[in-house]
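Below are my notes on the charged residues of this model, with a few remarks on the rest. Please read them beside the coordinates.

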Amino acid sequence: MNLETLQSYAEYLTTPVAQVMGGIFAVLIVVTAAFYLARAIKGPTKLIKELIERTLSWWMILTGFTVTIFFSKMFATIALAFLAFVAFRELTSRLNLRMSDRRTLLWCYLAIPFQFFAAYIEWYGMFIIFIPVIMFVGLAMRSVAHGDVKGITASLGIIHWSAMLTIFSLSHLAYMLSLPEKAGYAAGNGGMILWLVLITECNDIFQFTWGKLFGKHKILPSVSPNKTVEGFVGGLISTVALGYSLSFLLPIDSTKTMILSILLAFSGFMGDVTISAIKRDLGIKDMGSTIPGHGGIMDRIDSLAFNALICFHLIRYWSYL
């Protein structure tokens with residue numbers, strides 16, 4: 001099947017997107033082959049086994065991302081809603097909520113299809129206030145109506161914050177597909193999502209790699225001992241360089257792309273250390289075990305949950321208002 005035939009089935013697989021995706025799969029093939037070669041030469045050491053496990057998970061993540069995001073708006077919206085459901089369930093199951101909070105959580109689950117439907121039909125007015133405003137009031141009413149006041153202060157904060165971090169944040173990825181088409185924007189809205197996800201994930205990898213190679217000064221030792229100043233700075237510079245080189249995927253100019261890349265390097269870092277702080281508070285290593293070698297869904301999308309909000313609203317402000 002050639003690219004033109006594939007594009008006839010895939011609504012958001014434009015030529016720039018297909019070229020970048022092809023490059024990503026090519027890199028993954030090389031990395032996978034290198035790790036298996038290293039195992040053949042040095043034997044199955046713990047480090048090599050972990051790297052192979054992580055790489056195989058990246059194959060699943062990348063394949064799932066390609067199949068769900070680029071073929072149709074409806075399919076992508078449903079897939080992202082399901083991701084929000086899994087992330088919200090994983091997060092709230094770890095946060096020691098009360099038995100009496102179950103009905104309040106049910107309201108959040110019921111809110112997921114409505115929030116993503118608003119994104120799908122481009123109902124921006126409802127999309128932008130439903131979780132932050134309407135659910136903010138509604139969840140408080142539901143919790144108070146139960147009459148169980150012991151621990152209600154913590155529950156009110158945890159449930160609404162979790163809904164914001166997962167449902168509200170991830171729904172911004174769905175709304176990116178609903179933004180109006182722009183003349184001369186060859187990559188299309190799928191390119192915007194690809195750029196955001198790629199920059200976010202690579203920023204994590206860059207910070208980790210630079211930290212391992214040159215890290216000496218810990219940046220938040222009580223929260224995430226492996227994070228270093230050198231890793232953060234190296235990650236920031238690498239992320240900006242990558243973001244700039246892929247600016248053709250966005251409907252904004254190169255200068256704004258660099259500004260956005262800098263902001264996402266910071267906010268991605270904040271998302272990462274925020275979830276790390278929560279895990280330290282709970283005394284756990286990972287939020288779950290859904291993704292071998294990576295932990296749970298929240299361990300993988302912690303940076304993306306923060307970055308989706310900033311990326312969407314800045315691009316909308318710069319390019320669509």
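1. Glu50 counts as partly exposed because its relative accessibility is 35% (buried is under 20% relative accessible area, exposed over 50%, partly exposed in between; 1.4 Å probe, protein chains only). Arg54 is also partly exposed, at 33%. Their side chains form a salt bridge, N to O 3.5 Å (a side-chain nitrogen of Lys or Arg within 4 Å of a carboxyl oxygen of Asp or Glu). Both residues sit in helix H3 (residues 46–69), four residues apart; helices are DSSP runs of H or I, at least four residues, numbered from the N terminus.

2. The model is predicted: local features need pLDDT of at least 70 and side-chain atom pairs pLDDT 80 or more, while totals for chains, interfaces and linings use all residues. Residues are numbered from 1 along each chain as its sequence is written, and side-chain values use heavy atoms, without hydrogens and water.

3. Arg300 and Asp204 form a salt bridge at 3.4 Å, N to O. This pair links distant parts of the chain, helix H11 (residues 297–319) and helix H8 (residues 188–214), 96 residues apart. Arg300 is buried, at 13% relative accessible area, and Asp204 is buried at 12%.

4. Asp272 and Lys227 meet in a salt bridge at 2.6 Å, N to O. Asp272 lies in helix H10 (residues 254–282) and Lys227 in the loop between H8 and helix H9 (229–245), so the pair ties together parts 45 residues apart in sequence. Both residues are buried.

5. Glu90, in helix H4 (residues 73–93), is buried yet has no salt bridge. Its side chain reaches the backbone nitrogen of Ile297 at 2.9 Å.

Definitions and conventions: Helix = DSSP H or I, 4+ residues; strand = E, 2+ residues; numbered from the N terminus. Lys, Arg positive; Asp, Glu negative; His and termini not counted. Polar contact = N/O pair within 3.5 Å; in protein donor to acceptor, adjacent residues only side chain to side chain.
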